[in-house]
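Let's take a walk through a protein structure together.

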Number of protein chains: 2
Amino acid sequence: MKPTERSKVVRSPNRGHYDKDSLNKVLDDGYICHVAYDFKGSPIIIPTAYAREGDVVYVHGAIKNRMLNSMLEQKQATLSVTHLDGMVLARSAFHHSFNYRSAVVFGSPFIVDQPEEKNRVLKLITDNILEGRWEEVREPTEKELGVTLVIGIKIDEASVKIRQGIPMDDKEDYELPIWAGELPVTLAYQSPITDDSGVKGLDVPDSVNNMLAKG
Amino acid sequence: MKPTERSKVVRSPNRGHYDKDSLNKVLDDGYICHVAYDFKGSPIIIPTAYAREGDVVYVHGAIKNRMLNSMLEQKQATLSVTHLDGMVLARSAFHHSFNYRSAVVFGSPFIVDQPEEKNRVLKLITDNILEGRWEEVREPTEKELGVTLVIGIKIDEASVKIRQGIPMDDKEDYELPIWAGELPVTLAYQSPITDDSGVKGLDVPDSVNNMLAKG
């Protein structure tokens, strides 16, 4: 993808990436994206679930969802996915930073309205919450599909920005007796909490166990 | 804070909060916010470091930073902070969700240009990367302050949305032999990585040890 004025990384351009592999990796590692749209002249940002497939990011919501309908009316969608990977602890306050991976996507929204395709996309979104979960649960009814708006966002343009590794201090600061380094952070999955208000004695399913095994 | 049409939570209104305590808690628990601004008719979202103090959220960047300058020109700023707390695993695909805490803030940007105040605000932002870090490192020089643009965003309006706890399924689905529950997730701090390209043999500092002790 060739960056335009809109998507080009200007600050720290060496951190910018425009290839599909980098983009797909950042998008596929995430659970929640932030979507921006215009509301009567002010930008609004809303976090929402999503899934990527090919060059399309899918989102969904209630049929009257303002964010989704605004996107469709405005015929454009902007979304971002960001992963925090660590605190970059330099010798100088000035060079403190985060290690992160972020993607900003500009795309063209379209409605997914054919019920079979809608169901297929909802599987993608559900499996992006937890891989393999769809097969374990009750699929949507016709009524549930009917009250759900599913939108695909064809990726027109995107940029990825990645910072990783140790701090970069000014040359003279390396002589200071100040500890520097990185404090890595990651998302950690904890023990599942069983909802015992239904049928009792059910085993924790494969989807959960597989996620815990992967860490 | 009284919600307006812009900030009112319409979907799942029981998850909406408009009090300052809820807002401050969500903002103070975060490291990276997403800022939205208009770029020639398309919304852009950029993740960035921040800190909150009172009714102001502070952000910073290079003096020519497009996001910061666009905010100032447009005389408005929108930002969001979101925490993912867990996967909500219902009996039906339809009721799958995330547990999360998110804040959306609409504010009025202003430049922080008095050097002493600028330095004070950079301390807030550095300490929001890692509490207590500012005292351990070299403070900004006059030159570094000169190339840094620091912006305060006076919070005019905000909404908080929180989902927590077990899934809510349709009544008849509680009879299905399908495991349901929550898979909690959290940010986990890992062992610090020392940058040994400067002075050797320095101890890991209190800021890092305190964070690891807190978990």
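Before we start, one term: two residues are in contact if their C-beta atoms, placed from the backbone, lie within 7 Å. Also keep in mind that what you're looking at is a predicted model.

Let's begin with helix 1 of chain A, which spans residues 20-28. Its buried residues are Leu23(A), Val26(A) and Leu27(A). Around the helix axis they take up an arc of only 100°, so they sit on the same side of helix 1 of chain A. Turn to the other side of helix 1 of chain A and you'll find Asp21(A) and Asp28(A), which are exposed.

What covers those buried residues of helix 1 of chain A? The cover includes strand 4 (51-53), strand 5 (56-62), strand 6 (77-89), strand 7 (97-111) and strand 8 (148-163) of chain A.

## Chain A as a whole

Now zoom out. Chain A has five helices and 10 strands. Its C-alpha atoms fill a box of roughly 65 × 50 × 30 Å, taken along the principal axes. Chain A has 215 residues, and 41% of them count as buried.

## Strand 7, seen in both chains

Leaving aside neighbours within four places in sequence, Phe110(A) is in contact with Ile151(A), Gly152(A) and Lys154(A). Is Phe110(A) buried, partly exposed or exposed? It counts as partly exposed, because it has 16 C-beta neighbours inside 10 Å, while 20 or more would be needed to call a residue buried.

Hop over to chain B for the strand as a whole. In strand 7 of chain B (residues 97-111), 11 of the 15 residues are buried, so the strand is largely enclosed by the rest of the structure. Strand 7 of chain B runs antiparallel to strand 6 (residues 77-89) of chain B, and 11 bridges join them. One bridge to look for pairs His83(B) with Arg101(B) in strand 7 of chain B. Strand 7 of chain B also pairs in the antiparallel sense with strand 8 (residues 148-163) of chain B, over 12 bridges. There, Val105(B) has Ala158(B) as its bridge partner.

## The nonpolar core

In soluble globular proteins, nonpolar side chains tend to be buried together. Here, the largest nonpolar core has 101 residues. Which of them touch the most other members? They are Val35(A), Val57(A), Ala103(A), Val35(B), Val57(B) and Ala103(B).

Click on Val35(B) to see this up close. Leaving aside neighbours within four places in sequence, Val35(B) is in contact with Ile45(B), Ile46(B), Thr48(B), Val59(B), Met67(B), Ala77(B) and Leu79(B).

## Two residues with a positive phi

Two spots in the backbone are worth a look. Lys40(A) has a positive phi of about 50° although it is not a glycine. You'll find Lys40(A) in the loop between strand 2 (32-39) and strand 3 (42-49) of chain A. Lys40(A) is exposed, with 8 other C-beta atoms within 10 Å.

Over in chain B, Ser12(B) has a phi near 45°, again a positive value in a residue other than glycine. Its place is in the segment before strand 1 (16-17) of chain B. Ser12(B) is exposed too, with 12 other C-beta atoms within 10 Å.

## How the two chains meet

Between them, 83 residues of chain A are in contact with 83 residues of chain B. Strand 9 (residues 181-189) of chain A gives the most to the side of chain A that touches chain B, with nine residues. By class, that side has 50 nonpolar, 18 polar and 15 charged residues.

How are the copies related? A rotation of 180° with 0.0 Å of shift along its axis superposes chain A on chain B, with an RMSD of 0.0 Å. That is the relation of a two-fold axis. The same surface serves both copies, as 100% of the contact residues of chain A recur in chain B. Of the residues of chain A, Leu187(A) comes closest to the rotation axis, with its C-alpha at 2.3 Å.

Methods:
Residues numbered from 1 in each chain as written. Chains lettered and ligands numbered in written order. Predicted model: local features only at pLDDT ≥ 70, side-chain atom pairs only at ≥ 80, totals over all residues. Helix = DSSP H or I, 4+ residues; strand = E, 2+ residues; numbered from the N terminus. Nonpolar A, V, L, I, M, F, W, Y, C, P; charged D, E, K, R; others polar. Core = buried A, V, L, I, M, F, W, Y, C linked by C-beta atoms within 7 Å. Least-squares fit on C-alpha atoms with pLDDT ≥ 70 in both. Arc of directions from axis to C-beta. Pairing = 2+ DSSP bridges.
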